[in-house]
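Here is a short note for your review. Please keep the model open while reading.

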Amino acid sequence: MSTALERMIDQGVGREPADIVLKGGRFFDLTTGELVASDIAISGGRIVGTYGDYVGREEIDISGRIVVPGFIDTHLHIESSLVTPHEFDRCVLPLGITTVICDPHEIANVLGTEGIQFFLDSALETIMDIRVQLSSCVPATHLETAGADLPIERLLPFRDHPKVIGLAEFMNFPGVIHKDPVCLAKLDAFQGGHIDGHAPLLRGKDLNGYLSAGIRTEHECTTAEEAMEKIRKGMHILVREGSVSKDLHALMPIITERLSPYLALCTDDRNPLDIAEQGHLDHMIRTAIAAGVEPLAIYRAASISAARAFGLRDRGLVAPGWRADLVVVDSLESCRAQMVFSGGRRVTDALFATRRPVPPVGLDSVKAGHVNASDFGVPYSDSDTSVIGVLPGKIITEHRRYRLPANGNETGVDLGRDIIKVAVIERHGVNGNHANGFVQGFGLKKGAIASTVGHDSHNICVVGVNVEDMATAANRLGQIKGGFVVVEDGKVTGEIALPVAGLMSLEPHESVRDTLHHLRQAAFALGATLEEPFLQLAFLPLPVIPHLKISDRGLVDVDKFMLIG
């Protein structure tokens with residue numbers, strides 16, 4: 001009996017019929033930029049024939065269509081899709097995303113190694129190839145309270161897992177620059193492997209020092225100028241377009257044929273409502289082409305350049321010997337997947353049914369105590385008050401200062417200037433911390449919205465006009481074991497339960513999508529003006545992104561990397 005390798009050779013030569021042959025279409029050759037009329041022969045999980053005619057045991061007519069390599073999302077948090085890895089697989093693989101490189105940083109900050117193991121177990125079952133970067137910053141900083149602590153000793157047992165690529169986004173760039181011993185221990189253990197970066201606005205010699213640690217990729221560039229400095233200094237830039245952080249348009253000037261070998265695409269954080277309404281990486285591709293980007297540049301960034309950046313040497317081209325991750329699209333410009341192959345398997349509902357389930361974890365992770373309306377008071381001050389300034393579509397926030405009105409002996413909200421209250425409540429059962437502040441830019445005129453999704457430590461975060469509604473929203477999160485809640489006049493008007501670590505639903509992605517639509521409408525009924533109020537809320541406690549944030553310990557001046565209140 002011939003081996004699988006021998007069969008691949010025989011089928012490539014044409015001595016025997018290929019397992020599958022795609023006939024009548026063209027493929028996009030990303031080396032030359034040509035559209036080539038040819039059969040595509042597949043044997044097992046590999047492409048074995050192009051530039052010729054083949055006979056197949058199964059022949060599929062794709063006349064009038066184009067075959068491109070499967071798309072690779074080079075940095076994302078599956079948790080931000082609000083569904084489990086199995087449901088994420090079913091949600092985005094039919095769109096042509098055949099490989100994702102995820103950082104289970106969110107669940108790791110709640111559950112530690114149990115969360116990482118859940119993702120690795122899931123990755124062994126999904127049809128899509130899920131690769132894992134080991135979460136490098138748990139907790140992300142000393143300025144917040146996480147549910148876990150992952151020193152290097154707890155990461156090393158996972159380093160040789162077949163689904164692990166390397167060390168995930170190293171967000172504590174001040175710790176790198178100032179040679180924090182905990183940071184250096186993690187970096188030293190992964191020298192020679194892949195280390196992913198996270199250094200927003202870092203430039204000059206500080207950037208040089210950061211890159212000297214062996215960090216090679218970066219997804220936090222928000223301007224073409226910043227991206228070009230990092231490319232010139234040897235970084236591979238991951239162009240991001242998520243549900244909140246939208247950098248594609250700003251970075252389009254660098255998406256060229258010349259620079260495409262040094263680019264890749266990522267979503268970072270994208271929810272199923274946006275995926276259903278717009279798409280995923282396919283949305284990025286067609287948006288870029290519609291704006292004038294050359295198809296060759298953006299398709300390279302979506303596949304072969306991404307694969308090379310992360311050492312995935314077996315995928316990214318439509319060529320013999322390469323992994324049969326293929327997307328059959330109607331046209332390069334529209335990028336609408338008509339058919340998808342993952343490792344040579346045609347993606348169908350029946351294929352998803354072959355996966356073994358992985359038991360959920362972290363079903364009782366919300367351990368915050370009961371809060372009262374009085375817990376949200378801020379003592380009055382007749383001096384300027386620091387206010388977090390939200391920038392729509394960005395996770396960067398501004399540090400604004402305003403003289404706010406008095407409400408008795410407390411500082412009140414200022415609806416005329418769109419300034420309302422924000423609070424973060426520790427929910428891991430560690431210390432019961434509760435911090436209050438003010439935020440500008442949500443548009444709320446009444447009520448409150450709350451979430452257990454709060455990057456990176458995922459404590460409860462709540463914004464609101466009315467402190468009674470804020471308390472009701474925060475307490476409801478404990479009752480539903482985590483999720484999102486909208487409260488108006490003391491009543492819950494919208495909610496979604498996310499019981500898996502307070503981050504992910506146990507429901508199908510279609511149900512999550514539909515519930516999110518209702519939830520968004522409930523937030524809009526409060527006056528919310530942000531396109532994604534819940535995801536924007538989730539980034540208010542992120543103390544590694546400039547300029548002003550809030551954690552369970554208080555307001556954080558990110559530029560000074562210190563608590564200020």
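The points below cover aromatic pairs and one surface patch.

1. This is a predicted model; local features need pLDDT of at least 70, side-chain atom pairs count only at pLDDT 80 or more, and totals for chains, interfaces and linings use all residues. Residues are numbered from 1 along each chain as its sequence is written, and side-chain values use heavy atoms, with hydrogens and water left out.

2. The whole structure holds 5 aromatic pairs. Rings of Phe, Tyr and Trp (its six-membered ring) pair if their centres lie within 6.5 Å; planes under 30 degrees apart are stacked, over 60 edge-to-face, the rest tilted. One of the pairs is F27 with Y51, edge-to-face at 5.4 Å centre to centre and 85 degrees between the planes. F27 sits in strand β2 (residues 26–28) and Y51 in the loop between β5 (46–49) and β6 (56–61), so the pair ties together parts 24 residues apart in sequence. Strands are DSSP runs of E, at least two residues; helices are runs of H or I, at least four; both are numbered from the N terminus.

3. Is F27 buried or exposed? F27 is buried, at 0% relative accessible area. Y51 is exposed, at 51%. Buried means under 20%, exposed over 50%, partly exposed in between (1.4 Å probe, protein chains only).

4. F28 and Y299 also pair edge-to-face: 5.7 Å centre to centre, 85 degrees between the planes. F28 is in strand β2 and Y299 in helix α13 (residues 295–302), so this pair ties together parts 271 residues apart in sequence. Both F28 and Y299 are buried. With F71, they form one aromatic cluster.

5. V13 lies in helix α1 (residues 4–13). V13 is exposed, with a relative accessible area of 53%.
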